[in-house]
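Could you walk me through this protein model, starting with the whole chain and ending with single residues?

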Amino acid sequence: MTPYTPPTADQLLAIRVNAGIEELAQSERFAHAEPDLVEAIVEGVGQFAAGEFAPLNRVGDLEGAKLENGVVRLPDGFREAYNAYVEQGWNAIASPEAFGGQGLPFTLSCNVLENLGAANMAFTLLPMLSVGAIEALEHHGSKDQQAKYLPDLVSGRWSGTMNLTEPGAGSDVGALRTTAEPITEGPYAGQYKITGQKIYITWGEHDLADNIIHLVLARLPGAPEGSRGISLFVVPKYHVNHDGSLGPHNDLRCVSIEHKLGINASPTCVMSYGDNGDCIGELVGHENKGLAAMFTMMNNARINVGNQGVQIGERATQQALAYARDRVQSARAGAPDKTAVAIIEHPDVRRMILRMKALTEGSRALLYYCAGQVDRGTLGDAAAKNRAEIVVPLIKAWGTDIGVEVAGIGIQIHGGMGFVEETGAAQHWRDSRIAPIYEGTNGIQAADLVTRKLGLDGGEAMVTLFETIAREAVGEAALASIAKDCAAIARWMQSEASLDDRLAGSVPFCTMAAVTVAGWQLMKQAAAVAAGAAPALAASKPVTVRFFLDRIVPEAAGLKAGATAGADGLYALPAEALVG
């Protein structure tokens, strides 16, 4: 497998142009995000990822996580790399200073995860889930819970998980059956006994962190059915004593770990709570308001899963470029010299390489635009908060679709060797394929876009975004045209389409919207580079942006018919006839 080389110049360009880090640094809250510090973080975490996480990517895939006597163990080197990650403070970049964090913009936290995930996607799921747990407790935990759990979660000495899914409740979280019984007497009075089983719990058990803080959705006695009756509980692997030391093991265990298509170094656990009737948890926030509290964590995770599309796209592109440069086969068609050349010289391979680069850089631009809007929302900018809400499903859905596509093209460039495991190209595709599924499938993201997000600010937030792009796309006819189409589709969905019609067109519309916003942000990058920013990208950036605007944007524009076709054609056959 090709070593990981951090794309520092392109990351810094996206952080400056798309996230607007210099503007964020003018606020009191993010004043520490000065240019020198930003560069030091991006360069430093890139070097760390390449040196510590990347060498473990292949061994993690081949050996994977193993459950032994109730403990999940990782291959040699993982514990040392994780300890180095904690010691160097990378987990604490954007966490609150009151609990040991650095209080820097979320944008920089995204960059930490981008580098780590491109180096080793499966390993990076561990800190990714911890970041979400920190945010959930920061926003919804009591002061006592924050003091008890956040310092060690922020440092990374403890890790966090998110427990939603159950065997009978997948995407329909409201169907869960895990219970929480109030404790009225004894040392745990005021807390709850948790009983139930959760599946697909990422890094639910492992031996890298000293404690694991599980955030678990469960039902209280008499709670309403469905999502209105769900509460959130913090359930530590080890009880935490009043002095902060670790007490006895809680009544929870990993029953098994899943054997998966990819991300083999990430233990995906079946977790059982309360087998002996003695699993203790604390209520987070208010009774029956757990889904709203968990959604804080989930929304963060959706951005970071979209980030995984960028990560795997970058890694697959680097590997494909290295192979295409070194693999010599056939003379270039039409060349007078019939000497065999590196395959990167052949037109179709060149097309595939440019597509990989353009899609990866486009998804990166979209990622950091989203992160910058999140940071502005944190500063109190209501319009930016709404803009981030709209962009989250775009980066999660399209970003992860791009990761799969780019990794697949990487296999194609390798030819038969891509289908053979020794090169490592297949691992990137196998790892990428989970991202469109978890944290809400991409169909759910698209549904969210055309339901909840469509109505933000009375429906004007989404339309305004596309009208702004159309107005700013000076000289870019294709981009201006698709932006106008997106605005028109949004208005049609708001005023004329039935709910079924909106949902039927949601996925093509989500793709159109994502490509439109990504193209807009790439256009800004190209303008910045033309004005002297990022001299290292002066030759390459105009080419990849041009490819995106001239080829990717027109492709997405062709999705308009699917976005507006309505639902009738989907139900022209009853289910029985469709199955045959």
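This is a predicted model: local features need pLDDT of at least 70, side-chain atom pairs count only at pLDDT 80 or more; totals for chains, interfaces and linings use all residues.

Residues are numbered from 1 along each chain as its sequence is written, and side-chain values use heavy atoms, with hydrogens and water left out.

Let us begin with the chain as a whole. It has 20 helices and 12 strands; these are DSSP runs numbered from the N terminus, with helices (H or I) of at least four residues and strands (E) of at least two. The radius of gyration is 24 Å, close to the 25 Å that the globule rule gives for 580 residues, so the chain is as compact as a globular protein of that length. That radius is taken over C-alpha atoms, and the rule is 2.2 Å times the number of residues to the power 0.38. Along the principal axes, the C-alpha atoms fill a box of roughly 85 × 60 × 55 Å.

How much of the chain is buried? Of the 580 residues, 59% count as buried, where buried means under 20% relative accessible area, exposed means over 50%, and partly exposed lies in between (1.4 Å probe, protein chains only). Contacts (heavy atoms within 4.5 Å) tell us about the fold too. Among those with a separation of 6 or more, 74% join residues 24 or more positions apart.

Now for the aromatic rings. A pair of aromatic rings is described by the distance of the centres and the angle of the planes. Rings of Phe, Tyr and Trp (its six-membered ring) pair if their centres lie within 6.5 Å; planes under 30 degrees apart count as stacked, over 60 as edge-to-face and the rest as tilted. The count comes to 11 aromatic pairs. In one of them, the rings of Y82 and Y85 have centres 5.7 Å apart and planes at 35°, so the pair is tilted. Y82 and Y85 are 3 residues apart in helix α5 (residues 78–87), which separates them by about one helical turn. Y82 is buried at 1% relative accessibility, and Y85 is buried at 1% as well. The rings of W398 and F548 have centres 6.2 Å apart and planes at 90°, so that pair is edge-to-face. Because W398 lies in helix α11 and F548 in helix α18 (residues 540–557), the pair ties together parts that are 150 residues apart in sequence. Both W398 and F548 are buried.

A365 lies in helix α10 (residues 347–378) and is buried, with 0% relative accessibility. Leaving aside neighbours within four places in sequence, A365 is in contact with N18, Q521, L522 and Q525.

Finally, consider the backbone. Most residues other than glycine have a negative phi, and most peptide bonds are trans. Y200, in strand β5 (residues 192–202), has a positive phi of about 60° although it is not a glycine. D457 has a positive phi of about 55°; D457 lies in the loop between α13 (442–450) and α14 (460–472) and is exposed, with a relative accessible area of 53%.
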